Every structure is written in structure tokens, then in C-alpha cells.
Amino acid sequence: MGVTFFWLSVCIPPEHASEVAASFAAAVAASPVSPTARQVLDRWREAPGSLSPEAVPDPARPGFWTFPEGTEEFEALFRPEALSAFGQGFIRTGPEANGWGIQLDEDHGTVMITDRVPAPAALYFGLGPAQAARLPGHFGALFVAPSDVGGLLPTLEAVLERPSPEMLARARRWLRGSNTTLVLEELFSFLPHALRKAEARKEGVLVLIARG
């Protein structure tokens with residue numbers, strides 16, 4: 001295993017929703033898209049074939065391999081430090097845990113663990129630029145207030161339910177490292193599942209990517 005990433009969803013009780021929303025907004029504000037990453041996104045939207053996760057021979061270093069232009073910039077969008085630090089408060093215990101006493105367990109949330117690659121990067125690449133642009137939030141990170149969960153769920157279901165074989169194949173291409181056992185259908189259903197759980201509990205939902 002290399003670097004581990006946790007894509008986590010956690011239900012947020014109404015009494016904590018406003019404070020969690022403010023903390024999430026601050027973390028997003030501290031995670032701007034760089035000009036280089038913006039260029040990569042714009043190029044991908046204009047020419048989807050311009051982005052590739054496969055390593056290629058490094059022309060500057062014979063015998064070594066590197067990733068094509070844009071690959072690392074695209075992936076970095078899904079692991080900004082501020083949002084990762086916020087997310088770690090929901091997977092750690094003791095003094096490093098979040099200040100609301102919200103625990104990530106089977107009743108309150110879900111977690112998807114991947115090696116080296118943040119799961120939402122594979123999801124976005126799998127969807128393709130047009131469908132990925134329809135997803136709310138900040139590159140796999142999302143906060144939804146309790147009153148908004150039911151209204152947003154149909155939108156996510158429309159984008160993510162029943163992915164095509166081509167979408168699944170693209171997502172698998174991006175999942176490098178030790179991710180061969182990840183069930184691709186679960187990758188696409190992660191966000192709708194998170195909102196359904198929150199709706200059943202009449203709570204909000206927070207979705208974050210945390211680096212292990």
C-alpha cells in the first residue's frame with residue numbers, strides 16, 4: 001500500500017449543521033483551484049481524450065516513467081490539505097477528533113478506502129467532463145443541510161445511477177495501485193447512498209476526502 005485515502009460520508013445532526021457547514025465552507029475557501037489545474041479542467045472539457053492516467057516513458061530520463069501532463073494536477077483537486085485536515089477529524093479519536101462528538105460508524109456514515117488515488121478522482125474521470133460538471137460540491141467534498149437532502153438526492157441519482165460500461169471502464173483505468181478489489185458500482189453509488197442514509201435519519205450529510 002502507498003498513501004491511503006478515505007472518502008467518507010457522515011450524517012450531521014440538525015443541532016450541529018450550521019457549525020459544520022461553516023467549517024466546511026472555510027475549508028473549501030482554503031482550497032482554491034490553481035490556474036494550472038483550471039487549465040487542465042478546461043482542456044479536459046474541450047477534449048476528453050487529453051487526460052490520461054496511464055504512465056508513459058519519461059523523455060527527460062531514459063528508463064523512467066512519468067504521468068502525462070495534467071494527470072497529477074487533476075488528481076490534486078481531490079486532496080486539498082484544508083479539506084483533508086477537516087476530514088481527519090472524523091476518522092481520528094481523542095484530541096484529534098472533531099469537536100462535535102460525531103462518530104463515523106456504520107449507523108452514521110460510510111467510508112471507502114483507496115490506495116494512492118482519491119476515489120472521487122476515478123469517479124469524475126469515469127463520468128466524463130459533461131456528467132462530472134453536474135455534481136455538486138467541491139471535487140468529491142460536499143455538505144448538504146438536513147432540509148436540502150431530499151431535494152438534492154434525485155439530481156445525484158440522475159447523474160450516478162446505472163453507470164454505462166464505458167464509465168465503469170474509465171473509472172477502473174484511473175484506479176491505480178492496490179485498488180483492484182474495489183467494486184466500481186459502489187464508487188458510483190457512494191453519494192446517493194450517503195444522502196439516502198441522511199434522509200432516513202432526518203439529518204444532513206458531510207462528504208470529505210481525508211488522507212490517511
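Analyst: Helix H5 is followed by Gly-128, whose phi is positive, near 90°. The model is a predicted one, in which local features need pLDDT of at least 70 and side-chain atom pairs count only at pLDDT 80 or more, while totals for chains, interfaces and linings use all residues. Residues are numbered from 1 along each chain as its sequence is written, and side-chain values use heavy atoms, with hydrogens and water left out.

Helices (H or I, at least four residues) and strands (E, at least two) are DSSP runs, numbered from the N terminus. H5 covers residues 119-127, and nine of its nine residues are buried, so this helix is largely enclosed by the rest of the structure. Buried means under 20% relative accessible area, with a 1.4 Å probe and protein chains only. Among the buried residues of H5 are Leu-123, Tyr-124 and Phe-125.

Tyr-124 and Phe-125 also belong to a cluster linked by ring pairs, together with Trp-44, Phe-74, Phe-78, Phe-139 and Trp-174. Rings of Phe, Tyr and Trp (its six-membered ring) pair if their centres lie within 6.5 Å; planes under 30 degrees apart count as stacked and over 60 as edge-to-face, the rest being tilted.

The whole structure holds 11 aromatic pairs. In one of them, Phe-86 and Phe-90 have ring centres 5.7 Å apart and planes at 75°, so the pair is edge-to-face. Both of these residues are buried. Phe-90 and Trp-100 have ring centres 6.3 Å apart and planes at 15°, so they are stacked. Phe-90 and Trp-100 both lie in the loop between helix H4 (81-88) and strand E4 (109-115), so this pair ties together parts that are 10 residues apart in sequence.

Conventions:
Buried means under 20% relative accessible area, exposed over 50%, partly exposed in between (1.4 Å probe, protein chains only).
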